[in-house]
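Here is a short briefing on a structure with several chains. Look at the chains one at a time, then at how they meet.

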Amino acid sequence: MKTTIETRDLSKRFGPHTAVDRITLSVYQGEIFGFLGANGAGKTTAIRMLCGLLEPTSGSGTVAGFDIIRQTDRIRSRIGYMSQKFSLYSDLRVIDNLRLYGSLYGLGKQALARRIDELSALLSLSPLHGRITGSLPWGWQQRAALACANLHRPEILFLDEPTGSVDPVARQTFWDLIQTLAAGGTTIFVTTHHMDEAENCGRISIMIDGRIAALDTPRALKERTGKPTLHEVFLHLVDPHSESLKERA
Amino acid sequence: MNFIRLIIWKEFAHIRADPLMSRLIVLPVLAQLFIVGYALTMEVKHTPLVVVDRSATPQSRSLIASLSSNDLFVYRGTAASEEQARALLDRGAAKLALIIPAHFARDIERLNDGAHVQLLIDGQDANSASVAAGFASAIISQWTFARLGRQLSGQGIDVATLIPVSVTGTVLFNPLLKSSWYMIPALVVILVTIITGLLTGFSIIKEKEQGTFEQLMVTPIKPVHLVLGKIIPFAIIGFLEIVVFLAIATLWFGIPFRGNVLTLFLFASIYMITSLGIGIFTSTVARTMQQVLFMTWFIMIFFILLSGFFLPVENMPHWVQTITLINPVRYFMFVVREIFLKGSGLADLWRQAAAMLMIGVAVFGLSLAMFHRKAQ
Amino acid sequence: MTAPWTGRILAVMRKEVRHILRDAQTLAIVIAMPVIMMFLYGYALTLDIRDLPTLIEDPAPCSETRAIARAVDATTMFKVVGTVPAFGDLIELFRKYHVKAVIRFPAGFGADLRNGGTAAPIQVLIDGSDQNTATIVRNVAGPLIQDEVLDLMHIDPPKPLTVDPVVLYNQEQKSALFFVPGLMALLLMMISALLTSLTITREKERGTMEQLLVSPLRPWEVIAGKIIPYLALAAIDGVIILVVARISFGVHIHGSVLFLAAASTVYVIVALMLGLIFSTVAKTQQQAMLMALPATLLPVIILSGFIFPLASMPAFFQWLSNIIPATFYLQLVRGIILKGVGPLELWQPCAALCCIGLVFFGITLRLYRVRL
């Protein structure tokens, strides 16, 4: 299977503080990869390095086959990114945001129009095109952001805490959408601190204090640790007396 | 290139989306224009004058009449004593007090070292004080000279033989000495600076504060495209404001525009290189919008005070004048006034153009480089 | 036992102070601004006219005209930058040489003088663009040059009347004395109104304002806690101005320092309330800034009598200046510092300032009930 994301000993230090400590992983095409960890574990820093927003202190990685240090230009047109903070323009209409990002990714007028219709149908955004983005309920704003990240059919979608403070029902709907996208061949690299959502992922990794403490399918992790839910798996791993910490590299 | 056009479109969309902002860009400008046009004047008129006439003779009354009948003064009548006059000055009811001594009529007949009158001046407002006193002295001199002429011709002497040289003064370019002709053209400099300097910086820092900056950086767009795309709309608005400003200044206020509109635009463009550069600079160094505001305000006040807006650069000490050599506002201020009132062209002002260009390229280049480095 | 509301206000204050201290850049500017402006005004900005670039137009140079030119150059007002023979286009002369005055000798001037007759007048042509300078030059240049010329020719003109000027309150005519009150009015207004309006609007933008209002804090406690730190900051700036004025320029407060402090406090509170008013109307920081800047800068600089004399303005603007707090504060500060007068003489501006304060307070109260 083709790998779309690969890292080797990727690290990021901010002065004395090591935010990301030698992470090594591989993500396969079409996979839904859950990048888990508590707040402050270093998830956002790692994602930003993969997107080419932040330069690593050491280590290496490739995204969509291109080097994340020297070839960030090539990476940009092949990935989509939804940041933790909402980052569409709240004062503009939904359709304005869609057109803006589509054009930024180089979609021609007609291709853009078609793509907007496609994604709007999928995400039920069509009736909201004329609304001011900031006036929509939070869950719908996130959908609009997801659409904007997807217009150019990226190989990989980086989603940093996409479900934030959305209610459980909306969260489920969101994950249904993610799965539809993955079924279409897009690799999804998603971070979240909601452990229950992680069940939807093909494989997950758990970051603790900048290191990857565990990386496997949800089921394998549950079996190994003998815990029934990923939430408890996580708590178990964080426990300093746990042996699994020393096992995993 | 497409990227830049896209960002320009986005910026205009933002302005359209916020109607209050658009009104705020236009209305204060108009208000400033009207206030500066009508109120901003250093012309010293209607100075309240009080007189202590210890002489009470036809001569002293004639002297008083020469002042009281003049528009420049508001005659508040006579005070009984110098103490009373000083009390009036204390309260601010009068700004000038003329004290005519008791033996005025006798002394003034003498041709040499004749009478002395005292002029008490409220020195709080140093400028108005000296101008008002200057007017009073000039009027008194004229009265004296006319009187002398009559006196001497009565004796068959032509006063011109006693004073073989005379000096006349003529005012060019602004014969009515209207303050508005000097201040309104200068206002365009302030307007352009605020629009292109302050609003640009604000616009850029807003992206960072909102988080949309990061989102944009993940797309194929480069930081340079973003910056250029942001400054062009404000430059356009700046030019539009200049046009509106020109219309109002000439049609409503009757300020003469003796120069060439294209020359004005040329200099405005050169100036904008610097002001836009400052906008980029502040947005790079600052973290929040408040910081951008205070930094820009700080820089602007510094530059404007040392630009000759209120007070001529030539009056400043030499070391300060040297500092103003790198002040782009000084040159633009000078140039705008020359174009308006003297009709000067590029041939007369090429030195200023060169200076502004050099400063602009340096500031803009440095700011852009800093922005680029920080965005990586 | 302190009332619970003081504790709550203190909590808001503490948070605000932490905000202020964390923004080192803005704080540095707020503190540095008065010092720098003081120095600018004190050293750089003077109203004394001197070294006006002057050109001499002399069609027939001779020893007389050269001597006169030298005498003119020796005055502080004029600085001769060159001599040209007869130049046709006068306007072109000004345009090209960027001079402020041209002194033109009539043809045959020297010959006429030597023949014992009176010559045609020497013309002083003045660039009227800068109306203020031109007015002063026009009033002064003629007699000045004439005196120099007659002196050179050893002629004692008849002088039946001499005017002896006596400048009160500002004996040395130091510009610093003139500008310090205006500077205080400007800086205190800018800091108080700008900072408060931005701070509160920012909280509104971020949504943290709502949280404050939902808490047990009453609106007036929130407001009080927020503006007191800025009151302190403005006070610091005011003190800095006065200290620098005293040390560097010898500006002496002739009147009561206590009265000055009281007047300044009222003024700052009025300015703070103005800032509050802006913050209720503005939804974004950009709007707040675009509202606050012109509404504070313009009235203080132009309509308060700071630099531009009020008496010369059209009636409408003179009336307008009566609703601007800076106008009255300026009268108070000038009176106290320069003239040394007290509340008895200055009761009018005192009352006016307090009235304006009450009106602003009423507006603020109404707006806060309706909007926030």
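Chain C holds 14 helices and five strands. This is a predicted model.

**Chain C: overall form**

- The radius of gyration of chain C is 28 Å. A compact globule of 372 residues would have a value near 21 Å.
- The C-alpha trace of chain C spans about 100 × 45 × 40 Å along its principal axes.
- Chain C has 372 residues, and 46% of them are buried.
- Take the contacts in chain C with a separation of 6 or more. Residues 24 or more positions apart account for 78% of these contacts.

**Chain C: domains**

**Chain B: overall form**

- Chain B contains 15 helices and five strands.
- For 376 residues, a compact globule would have a radius of gyration near 21 Å. Chain B has 28 Å.
- Along its principal axes, the C-alpha trace of chain B spans about 95 × 45 × 40 Å.
- In chain B, 47% of the 376 residues count as buried.
- Now consider contacts in chain B between residues at least 6 apart in sequence. Of these, 79% join residues at least 24 apart.

**Chain B: domains**

- Chain B is also divided into domain 1 and domain 2.
- Domain 1 of chain B covers 16–41 + 178–375. Domain 2 of chain B covers 47–162.
- The C-alpha centres of domain 1 and domain 2 of chain B are 48 Å apart.

**Where chains B and C meet**

- Two pairs of chains touch, and the pair B and C has the most contacts.
- On one side are 96 residues of chain B, in contact with 92 residues of chain C.
- Which element gives the largest share of the chain B side? Helix α6 (residues 126–154) of chain B does, with 15 residues.
- Sorted by class, the side of chain B that touches chain C has 56 nonpolar, 27 polar and 13 charged residues.
- Strands pair across this boundary. Strand β4 (residues 115–122) of chain B runs parallel to strand β5 (residues 161–168) of chain C. Eight bridges join these two strands.
- Within that pairing, Val117(B) has Val163(C) in β5(C) as its bridge partner.

**Where chain A meets the others**

- Chain A touches chain B: 18 residues of chain A are in contact with 15 residues of chain B.
- Helix α3 (residues 94–104) of chain A gives the most to the chain A side, with five residues.
- By class, that side of chain A has nine nonpolar, five polar and four charged residues.
- Chain A and chain C do not touch. Their nearest C-alpha atoms are 11 Å apart.

**A sheet in chain A**

- Chain A has an open sheet of four strands in the order β2-β1-β4-β5, with antiparallel pairing.
- Which strands form the edges? The edge strands are β2 (17–28) and β5 (66–67) of chain A. Each pairs on one side only.
- Strand β4 (residues 58–63) of chain A meets β5(A) in the antiparallel sense, over two bridges.
- Thr62(A) stands opposite Asp67(A) in β5(A).

- Gln29(A) sits in the loop between β2 and β3 (32–37) of chain A.
- Why does Gln29(A) count as partly exposed? Because 16 other C-beta atoms lie within 10 Å of Gln29(A). A residue needs 20 or more to be buried, and 12 or fewer to be exposed.
- Gln29(A) and Gly185(A) are 156 residues apart in sequence. In space they are 6.9 Å apart, C-alpha to C-alpha.
- Leave aside the neighbours of Gln29(A) within four places in sequence. Gln29(A) is then in contact with Met1(A), Lys2(A), Thr4(A), Gly185(A) and Thr187(A).

Terms used
Residues numbered from 1 in each chain as written. Chains lettered and ligands numbered in written order. Predicted model: local features only at pLDDT ≥ 70, side-chain atom pairs only at ≥ 80, totals over all residues. Contact = placed C-beta atoms within 7 Å. Nonpolar A, V, L, I, M, F, W, Y, C, P; charged D, E, K, R; others polar. Pairing = 2+ DSSP bridges. Rg over C-alpha atoms; globule rule 2.2 N^0.38 Å. Domains from an automatic or database assignment.
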